[in-house]
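User: Hi! Could you walk me through the charges and surface patches on this one?
Analyst: Happy to, let's have a look at it together.
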Amino acid sequence: MMNPTPQPSDEVAARAANSPLVRDFGLLIKSATRLEQRIDSALRQECGISHTMLEVLIRLCRRPGEEVSQRQLADDLTLTSSGTTRLVDRMEDAGLVRRVPSAEDRRVALVEPTPEGRTAFVRAAAVHAQVVEKYFVKPLTADDYTQLTGALGEIDKALREDNG
């Protein structure tokens, strides 16, 4: 019979739960989540779209004329294929985007913004910018903001380079 794994004491568990790494990462996640909630709430209230819909419109409006497939949207937004399909369905129903067949591959549906989608995007981008300015930029000094965005860029780079 194997020996059972020893159970950590309450003190050991409390030390792990209160470690600086756990605390600091939790602060990052809580701050990002709260900012996301503020952005989403403002966009829904003032523009009638979700933050995720805005992210789709950002991607579609970034390079006019670029062909963007639903699969590319799913990859860019880290959504599942079915989640992206449902999102694009809702956006199509709202008149924000339209699907068009790819000239190269009939199995591929491309997604493009409608004129109404571009109008909604410009309005939503302004609301997004106001919330980001108020809660992400203003609380920091210019130097702290530069350091923060530089550090986030380095973290993102490390995560993209190490796919494991």
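Predicted model: local features only at pLDDT ≥ 70, side-chain atom pairs only at ≥ 80, totals over all residues.
User: Good to know. Where does Lys 30 lie?
Analyst: Lys 30 is in helix α2. On the surface, Lys 30 belongs to a patch of positive charge together with Arg 34, Arg 38, Lys 134 and Lys 138.
User: Which helix gives the most to the positive patch?
Analyst: That is helix α2, residues 20-47, with three residues.
User: Let's switch to salt bridges. How many are there?
Analyst: The count comes to 10 salt bridges.
User: Which residue meets Asp 76 in a salt bridge?
Analyst: Arg 59 does, with 2.3 Å from N to O. This pair links distant parts of the chain, 17 residues apart: Asp 76 sits in helix α4 (residues 70-77) and Arg 59 in helix α3 (residues 51-61).
User: And is Arg 59 buried or exposed?
Analyst: Arg 59 is buried, at a relative accessible area of 10%.
User: What about Arg 63, which residue does it form a salt bridge with?
Analyst: Arg 63 pairs with Glu 66, and their closest N and O atoms are 3.5 Å apart. Salt bridges with shared partners join Arg 59, Arg 63, Glu 66 and Asp 76 into one network.
User: How accessible are Arg 63 and Glu 66?
Analyst: Arg 63 is partly exposed at 47% relative accessibility, and Glu 66 is also partly exposed, with a relative accessible area of 30%.
User: Which residue forms a salt bridge with Asp 24?
Analyst: Arg 23 does, and the closest N and O atoms of that pair are 3.3 Å apart. Asp 24 is partly exposed, with a relative accessible area of 41%.
User: Changing topic: which residues make the nonpolar surface patch?
Analyst: Phe 25, Leu 28, Ile 29, Leu 152, Ile 155 and Leu 159 make a patch of about 560 Å². Helices α2 and α7 (142-161) each supply at least two of its residues.
User: Take Leu 28, then. Where is it found?
Analyst: Leu 28 is found in helix α2. With a relative accessible area of 40%, Leu 28 is partly exposed.
User: Great, thanks for the tour!

Key:
Residues numbered from 1 in each chain as written. Heavy atoms only, no water. Salt bridge = Lys/Arg side-chain N within 4 Å of Asp/Glu carboxyl O. Buried < 20%, exposed > 50% of the residue type's maximum accessible area, 1.4 Å probe, protein only. Helix = DSSP H or I, 4+ residues; strand = E, 2+ residues; numbered from the N terminus. Patch = residues over 30% accessible without salt bridge, like charges linked within 9 Å, V, L, I, M, F, W, Y side chains within 5 Å. Areas by Shrake-Rupley, 256 points an atom, 1.4 Å probe, with all protein chains shown as cover. Lys, Arg positive; Asp, Glu negative; His and termini not counted. Charge placed at Lys NZ, Arg CZ, Asp CG, Glu CD.
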